[in-house]
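Please load the model in your viewer and keep a selection tool at hand. The stops below go from a pair of strands to the cores and then to a helix.

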Amino acid sequence: MPAYELKVNGSVRKVDVAADTPLLWVLRDALDLVGTKFGCGISQCGACTVHLNGAAVRSCGTRVSAAASGDIVTVEGLSPDGSHPLQRAWIKYDVPQCGYCQAGQIMTAAAMRGEKITESGVDVTAGLVANPSGCPAEVRA
């Protein structure tokens, strides 16, 4: 297997995985960054959202070989102490329910802020439509 050096949350980490391994599994299994969740496995639900070069991407559909040259940020790297404005807002407004999909929603919203999207309810809601509940059927049941 090839070795990849990934820049994750500001640190360079080496992993020995197949080129077509989804970034999600590299983050969770090889790097023990379990804040990024598995939801649907087909890049639809958004539970696995991370930032790659500042853009929100679905890590279940992103191959490690495609991410190797980029700057990857997971929910753990957004703010290790929970002080990111979105993390504080999530707590202040009691957003989480079961919490399973929250990391993906926070990462999607953080990427929108990075794009300087206006913060009106309409713009934020429209941006998050691409990141539905994120909960797999077995969690929703």
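Begin in β4, where Val57 is the bridge partner of Val50. The model is a predicted one, in which local features need pLDDT of at least 70, side-chain atom pairs count only at pLDDT 80 or more, and totals for chains, interfaces and linings use all residues. Residues are numbered from 1 along each chain as its sequence is written, and side-chain values use heavy atoms, with hydrogens and water left out.

Next, select residues 49-52 and 55-58, which are strands β3 and β4, paired in the antiparallel sense over 4 bridges; strands are DSSP runs of E with at least two residues, helices runs of H or I with at least four, both numbered from the N terminus, and strands pair if DSSP finds at least two bridges between them. The two strands form a hairpin with 2 residues between them, and Asn53 in the turn has a positive phi of about 55°.

Now show Leu6, Leu27, Leu31 and Ile72, the residues with the most contacts inside the largest nonpolar core, which has 17 residues. Such a core is a set of buried Ala, Val, Leu, Ile, Met, Phe, Trp, Tyr and Cys residues joined through side-chain atoms within 4.5 Å, where buried means under 20% relative accessible area and exposed over 50%, with a 1.4 Å probe and protein chains only. Apart from this core lies another, of 10 residues, among them Trp90.

Finally, select helix α4 (residues 85-92), in which Leu86, Gln87 and Trp90 are buried. These three lie on the same side of α4 because they cover an arc of only 100° around the axis, taken from the directions from the helix axis to the C-beta atoms. On the other side of α4, Ile91 and Lys92 are exposed.
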